[in-house]
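Please open the structure in your viewer and keep the selection tool at hand.

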Amino acid sequence: MPSLLFCGPKMAACGMVISIWGVIMLAMLGIFFSANSAVLIEDVPFTEDDIRADTQPPQRIYALYRQVGINCFIAAAVYVAVGAISLCQVRLNKRQEYMVT
Amino acid sequence: MSSLLRGEEMCLAQLFLQSGSAYDCISELGELGLVEFRDLNPNVNSFQRKHVNEIKKCEEMERILGYLLREIKKADISLPESDMNPVSPSPKHIMTIMEQLQRLEVELGEVTRNKEKLQKNLLELTEYTHMLRITRNFVQRSAEREPLQVQYEEFPFLEKDTRMDYSSMQRLGAKLGFISGLIQRAKIEAFERMLWRVCKGYTILSYAEVEEYLEDPDTGEPTKSVVFLISYWGDQIGQKVKKICDCYHCHLYPYPSNNDERNDVVEGLRTRIQDLHTVLHRTEDYLRQVLIKASESVYTWVVQVKKMKAIYYILNLCSFDVTNKCLIAEVWCPVNDIPKLRRALEDGSRKSGATVPSFVNRIPTTDTPPTLIRTNKFTSGFQNIVDAYGVGSYREVNPAPFTIITFPFLFAVMFGDLGHGIIMSLFALWMVRYENNRKLKNTRNEIWNTFFEGRYIILMMGLFSIYTGLIYNDCFSKSLNIFGSGWNVTAMFTAKVWTTEVLKGNNFLTLDPDVTGVFKGPYPFGIDPIWNLASNRLTFLNSYKMKMSVILGIIHMSFGVILSTYNHRYFRKRYNLYLVFLPELLFLLCLFGYLVFMIFYKWLAFTAKDSKLAPSILIHFINMFLMQGDAKQPPEQGKAMEPLYPGQTGLQIFLVVIAVLSVPVLLLGKPVYLRWLQNGGQNRLGMYRGYERVRRNSDEELCLLRSEDMEEGNSHSDPSSSGEHLSKEFNFADEFLHQAIHTIEYCLGCVSNTASYLRLWALSLAHAQLSEVLWAMVMRVGLRMDTALGVVFLVPVFGLFAVLTVSILLVMEGLSAFLHALRLHWVEFQNKFYSGTGVKFCPFSFSLLPSSFEHDGLL
């Protein structure tokens, strides 16, 4: 079976760091979007129509907030997977270094 | 023991070392790293010093060790990692080491030479084999050719059978000769042309290329060669051909006359090549074994030779006393370490088995000792950045303990972002946690070493940045609403100021804090998160940050001026307190301290209701200097010229008068006073000096040679009275010029330095804006995607955001804020009290000596 190692020790460590940061930050962003935080209004893809033609304001904006929040959570889950792959790479690199020396 | 505040007290000591135990005593001192040796023979050339032969021996040994290390590195043998510290060898031991090294060098040299010779032989034989194989093809090829070809009279052997070669040749009576060999492929055409031109057709050249790359026996590089066979007719042609072959650096090999001979030669060559391979293999194994054996002890030898060389170097710095029996060395030593020094000398004497012990004597001196400040792993970073500007003069106040807090704080004011602060602190925590990991400590990467040495500084900077991030309420350019905003939008509707039509008809609306219920009170900690949504956010923040920068600047500078009192009092120049410190402080506080007061007054005295009437501080400040407080102004400017508080004009005039009066006091006070002391105060000075003498006696009873100096009365090891001492010529012009420069620098500097602190505002604005731009241009693009691709897009967008945050906002902005905070400390803070003209104390210590092998990357 060919070696599963495809990146060096430094690249794997970078991957780990970015994954951990991504999981934490995207999860928190998801929570804040779900809580309809006002500070994040510019990051929600609303249009003029959403504001003016809303029958029950601000439900359409809230729906958009919820959608972006779910996007963030899914991205966080993807980063969990990336983190797991990076962890494998780090372990494989350590084992290879141990075997060579 | 306020060593960090002021530096250790140092003294000059004389060591009397017995000749027999000098080496061991200095070895003990080198292990401890207590003292700095002074050169007692400065006029002596390094070739004329006493121990120059021993140093030459050491350098010879280092040369051999360098050769050994290079060979070991070439053979890819790893050196054993060891933390042990072998002691310096005794003189007898030195001879054994030298012999061992020389023997190793000779052996290695022989073995390497043999190996090279064998390899050259092998290559030559390989070439010969190829040549024989290919020339066989020449002859066989010609044999296979059809006899139908045109027959040349002179050269019948071309198409005849090989068996008939020589008989037909003999029939012709011609003397045919063969020259065969190899030539580099690049030269073959020129060779052929030269042959044709010189020999004019009396030679025939056949050649074929060797398919493989053969190693050239002379250079060892793989080259492409061509095997050639020249058949010539006649002796003289033969000479010419040989000369041409020499010219072109061909490798010639004897050509066998017939097939049997050729086969014999080929067989013989094959066996010889095999033998050579075996011998070479064995030689390489032997060489490797020799190197492995040497590598076990080469590290010990390197350390021992380094220590030995250092000890002889120090011995060269010492001088002999009159009886020529003992060595005298002069050292700078911290006063608190003299007992340790005595014990080290006793140990050294004991180890060398000397009967008479060596001892130490403190001597008085007028030279300024070097500065020693003891630091631990936490304070050493901060001490280094202070020393980078200038090492403190002996016993003056050290800014480093204050820098531990003010430097990270000023950095954080310029960097303030909660998210970035957290990342920086985590990075620093990782470095601190793994600081004993040998791989991190011993890398050769210069940039990494710089970051690693400053890990505690980065940790402090990160923690303070978290604090200022909470104050500025800025986390990756978004504000956190932890306590609930103090502004309420619904109140604008309940007060009927805003209606739905107002909302529909306007792009921007202003929340009016005067309307009841809109502003419920200030946010408990930091800036209210609603400002993140405001379009006039920068107007508000700019005013706040500029005023904060000025306040912080004045506080920092006043602190610097106050620190100078420590120096004035320690060096017993009380007149400085009244003639220098007081005018300086009054000037600074009357003008700029008043500005700070006005800022605070305006913040506290004016509320949202009368904000329209709030005067501009800047205009009032300028008018203070122009003394225009009372002038009647036209109504439209009326609000700007209303006094801040009753009695302002009078107070301002008073402050300006005091500030202006303090300038001539600062300019003339000290020189005039010193001159008066010199001329008029002779008798007062005498009494004063007697008092000094008595006081000094009680301070330094350790000094044995003191009694002589008491009579002479003119030697001081305490710098406190140097200012009043008569032996130093008091030059009024010099002193006046010096003080004039100081006054101008100080007064103009107050203005420019205060403005310089505005960089605290500028850099924090730049950081906040960069952060916001990064979010708006990178992260928002990923978040606003509402299609199904949105999620797939968000993952790499976040990765890009992370990389850009680290590279631009953390590294670039971090370095920039670091540099500006450093400049604020070096220039604006330290020029109020620090002179920084000292010399650093470099003790003689084996661990501090650099090794040239490590520098070359061999160890």
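In which helix of chain B is B:Leu440 found? Select B:Leu440, and you will see that this residue belongs to helix α13 of chain B, residues 438-441. Please bear in mind throughout that the model is predicted.

**First stop: the surroundings of B:Leu440**

Is B:Leu440 buried or exposed? B:Leu440 has a relative accessible area of 14%, and because buried means under 20%, this residue counts as buried. Next, display the residues that B:Leu440 touches, leaving aside those up to four places away in sequence: B:Trp430, B:Tyr434, B:Trp448 and B:Phe452. Now select the C-alpha atoms of B:Leu440 and B:Phe452; 8.1 Å separates them, and the two residues lie 12 residues apart along the chain.

In soluble globular proteins, nonpolar side chains tend to be buried together. Select B:Tyr746 and B:Leu760, the residues with the most contacts inside the largest nonpolar core, which has 66 residues. Then colour helix α19 of chain B, residues 574-605; with 14 residues, this helix gives the most to that core.

Which residues does B:Tyr746 touch, not counting those up to four places away in sequence? They are B:Val561, B:Glu584, B:Leu585, B:Phe587, B:Leu588, B:Leu666 and B:Lys832.

Move on to a second, separate core, which contains 57 residues. Among its members to select are B:Leu69, B:Ile77, B:Ile311 and B:Leu327.

Show both chains. Here 26 residues of chain B are in contact with 26 residues of chain A. The area buried between the two chains is about 2200 Å², and carbon and sulfur atoms give 72% of it. On the side of chain B, select B:Leu783, B:Arg784 and B:Phe798, which lose the most area to chain A and together account for 28% of what that side buries.

How many salt bridges does the rule find across the interface of chain B and chain A? There are 2. For a salt bridge to inspect, select A:Asp43 and B:Arg780, whose side chains meet at 2.8 Å, N to O.

Finally, colour α26 (759-783) and α27 (789-829) of chain B, each of which supplies at least two residues of the side that touches chain A. The largest share of that side, 10 residues, comes from α27(B). By kind, the residues of this side of chain B comprise 17 nonpolar, 4 polar and 5 charged.

Definitions and conventions:
Residues numbered from 1 in each chain as written. Chains lettered and ligands numbered in written order. Predicted model: local features only at pLDDT ≥ 70, side-chain atom pairs only at ≥ 80, totals over all residues. Heavy atoms only, no water. Contact = heavy atoms within 4.5 Å. Buried area = accessible area lost by both parts, 1.4 Å probe. Salt bridge = Lys/Arg side-chain N within 4 Å of Asp/Glu carboxyl O. Helix = DSSP H or I, 4+ residues; strand = E, 2+ residues; numbered from the N terminus. Nonpolar A, V, L, I, M, F, W, Y, C, P; charged D, E, K, R; others polar. Core = buried A, V, L, I, M, F, W, Y, C linked by side-chain atoms within 4.5 Å. Buried < 20%, exposed > 50% of the residue type's maximum accessible area, 1.4 Å probe, protein only.
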